[in-house]
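Please go through the structure shown here in questions and answers, and let each answer lead to the value or name asked for.

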Amino acid sequence: MNNIIETHNLSKIYNPDTVPVNAVNGVDLHIEEGEFTALVGPSGSGKTTLLNLIGGLDYPTTGDVKIDGVDITKMSENKLIDFRLHNIGFVFQAYNLIPVLTAAENIEFVMMMLKKTKQERDLRVRELLAEVGLTDKSKNRPTELSGGQQQRVAVARALASKPRFILADEPTANLDSKSTANLLDIMAKLNIEDKMTFIFSTHDQRVIDKARRIVTLVDGKIVSDTKQ
Amino acid sequence: MLFKVAWRNIWRNKMRSIVVISSVAVGLFAGMFLMAFFWGLAKQEVDIAVETQLSHIQIHNPAFPDDKGVNDTIQNSAVLAEQLKKDSAIKAVSARIVTTGMISSSTTAAGVEIHGIIPAEETTISSISSDITEGSYFSGKPNEIVIGKKLVEKLGVKLHSKIVLTFQSKSGDLTAGSFRIAGIFRSRNSGFDEITVFTNSNEMGQLLGTGSAVHEIAIMLKDGKKADTIKAFYKKEYPGLLVQTWSELSPEMAMLNGLFDQIMYIIIGIILLALMFGIINTMLMAVLERQREFGMLMAIGMNKPRVFIMVVLESFMLTCIGIPAGILLTLLSVHLLSKHGIDLSAFSQALSSFGFSNIIYPELQTSMFLPISLMTAFTAILSGIYPAIKALQFKPAEAIHKI
């Protein structure tokens, strides 16, 4: 299998001039295509920071992040935005959908930015809504959806651009058991059937149980990396 | 989609948006109504001056305006007046003898400008006949004079009182004539009322020794806006005569009109500046409240130009709703007030002394809608720039986690 993500000696130090905090400390991590990986660890262990660095949402203090061999830490902010649009899907803990758009429009929005035709967009929106089981909720705005439904729309939106991988930061933290199970089933199915690579940060044992690789972080360092 | 998102975003906080839209509408209304008021005021001032004193065009002997000499009459004035009357663009013509002199009552005297007129002709050109408040406008009796209310008060005379006019005749001698007050007028310009008297031109011609010659031919046009064109035509037609429009005869009034325009644009500018800070404040609040959303948008790939355009669009849209509302409000109020006018009788003395009417009829110039709307729209775009720059400064990784 190819390495889709590679980090080398990746570090992120917050407040370097006042009270330095080593959020990520010399992380070397390789993620292969099609993996279903959970980043686990206690609060403050650096899970979210590591996801942000891998996703190009933040720049590291030292080290590099290569996506398909391309070092994204050398990219300008504008290039990174474009890179994220084409290559990375994001799922956030608080769903973070655009509140003024419907479920379908939220998914379509990403494709609009990719300048896809109306026909392509409509087709893909229908496919994705069907995939996350929300065909009947296409015209509902986020406030008219449950937390679980919103997170499924967020997954569909993350998939809209056909990204290389999806980063999910505590995706089930705000969900009840049923919604969590439902969401995990969808993501697992996408991973198995479509070979979509997922990397989660999580505290949730149910997510950890589903993950096929578990990377444990403590104080910004990888203390264990196991496959199950 | 960007339009759709921006449009829906402005309705997320309806009350706040309505406040901004209202402030744009009210600000625009205030500026435009003020313009309409001052335009009405200025136009009425010009109308008053044209109707009572200046008319649209005047023709003189080129030497006359300098010292108003008795001998500076217009050659063949009667023929000229007849020719002018045949012009279809001309509504009325009045030939006048104009000279300065002293008016004396039994108690006091004052300097005046004496207009020797043909009463019937003057009626077609000036509003003096309709401004008569006491007595009548030339009954046909000999040696009648019509004078202003203000002058009556100054001289301490009343209707039918006898007064004496003293002036220099054609030969250079001082001549006097006795007149009886036939009518007292009160125009909307008290300054004019204080220094102008009207007598019959035949009698004045005899006293001055000028016969049927006149000093001034006043022309009233069917369309006052064509004054410059018609003046240019007659200037070419009669190169030996001085042909002037009202704005040349009273340059201070023309200048005042131009000044009104400039002052109005300055006032509009100040209103828009105040409006700009209001919009910036609102948009800034809206942007800061949505920090997490902007973080998410940038995270999922919305580039900076798109974020910038979205914020500026929101500001622009808010204003664009306010603009028609402001114009509508102005149209309605001006339409209503242009019929009934704004009664400023409380300030009648001050207004009259400057030649302004007591009742102001606001008047809109439709040509002002476009520049003012464009200025407002431009203000909206400017107002959106700072909040948009602020939005671009958010770091996605931090902004996403903002509550």
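Q: How many salt bridges does the structure hold over all chains?
A: The model is a predicted one, and a salt bridge is taken here as a side-chain nitrogen of Lys or Arg within 4 Å of a carboxyl oxygen of Asp or Glu. Counted over all chains by that rule, the number of salt bridges in the structure is 31.

Q: Which parts of chain A are tied together by the salt bridge of Lys12(A) and Asp58(A), and how many residues apart are they in sequence?
A: The two side chains meet at 3.5 Å, N to O. Lys12(A) belongs to strand S1 of chain A, whereas Asp58(A) sits in the loop between helix H1 (47-54) and strand S4 (62-67) of chain A, so the pair joins parts whose separation in sequence is 46 residues.

Q: Are Lys12(A) and Asp58(A) buried or exposed?
A: A residue counts as buried when its relative accessible area is under 20%. By this criterion Lys12(A) and Asp58(A) are both buried.

Q: Which residue is the bridge partner of Lys12(A) in S2(A)?
A: Strand S1 (residues 3-14) of chain A pairs with S2(A) in the antiparallel sense, over 8 bridges. For Lys12(A), the bridge partner in S2(A) is Val24(A).

Q: Which are the edge strands of the open sheet of chain A?
A: The open sheet has 4 strands with antiparallel pairing, in the order S2-S1-S4-S5 (chain A). An edge strand pairs on one side only, and in this sheet that describes strand S2 (21-32) and strand S5 (70-71) of chain A.

Q: Which residues of chain A are linked with Glu35(A) in a network of salt bridges?
A: In chain A, a network of salt bridges includes Glu35(A). The residues linked with Glu35(A) in that network are Arg213(A), Asp225(A) and Lys227(A).

Q: Which helices of chain B are linked by the salt bridge of Glu121(B) and Lys85(B)?
A: The two side chains meet at 2.8 Å, N to O. The residues are 36 apart, and the distant parts of the chain that they link are helix H5 (residues 119-125) of chain B, which holds Glu121(B), and helix H4 (residues 77-85) of chain B, which holds Lys85(B).

Q: What area is buried between chain B and chain A?
A: The size of an interface is often given as the accessible area lost when the parts come together. The contact takes 23 residues from chain B and 29 residues from chain A. Carbon and sulfur atoms give 65% of the area buried between the two chains, which is about 2300 Å².

Q: Which residues of chain B lose the most area to chain A?
A: Three residues together account for 28% of what the chain B side buries. Those that lose the most area to chain A are Met1(B), Arg8(B) and Ile300(B).

Q: How many salt bridges does the rule find across the interface of chain B and chain A?
A: One that can be named joins the side chains of Lys395(B) and Glu77(A), at 3.7 Å, N to O. Across the interface of chain B and chain A, the number of salt bridges found by the rule is 4.

Q: Which helix gives the most to the side of chain B that touches chain A?
A: Between chain B and chain A, 7 residue pairs are in polar contact. Helix H1 (2-10), helix H12 (291-299), helix H13 (304-340) and helix H16 (396-399) of chain B each supply at least two residues of the side that touches chain A. With 6 residues, the helix that gives the most is H12(B).

Q: What is the phi of Asn96(A)?
A: Most residues other than glycine have a negative phi. Asn96(A) lies in the loop between strand S6 (88-91) and helix H3 (103-113) of chain A, and with 7% relative accessibility it counts as buried. Although Asn96(A) is not a glycine, its phi is positive, at about 50 degrees.

How values were computed
Residues numbered from 1 in each chain as written. Chains lettered and ligands numbered in written order. Predicted model: local features only at pLDDT ≥ 70, side-chain atom pairs only at ≥ 80, totals over all residues. Heavy atoms only, no water. Contact = heavy atoms within 4.5 Å. Buried area = accessible area lost by both parts, 1.4 Å probe. Polar contact = N/O pair within 3.5 Å; in protein donor to acceptor, adjacent residues only side chain to side chain. Pairing = 2+ DSSP bridges. Buried < 20%, exposed > 50% of the residue type's maximum accessible area, 1.4 Å probe, protein only.
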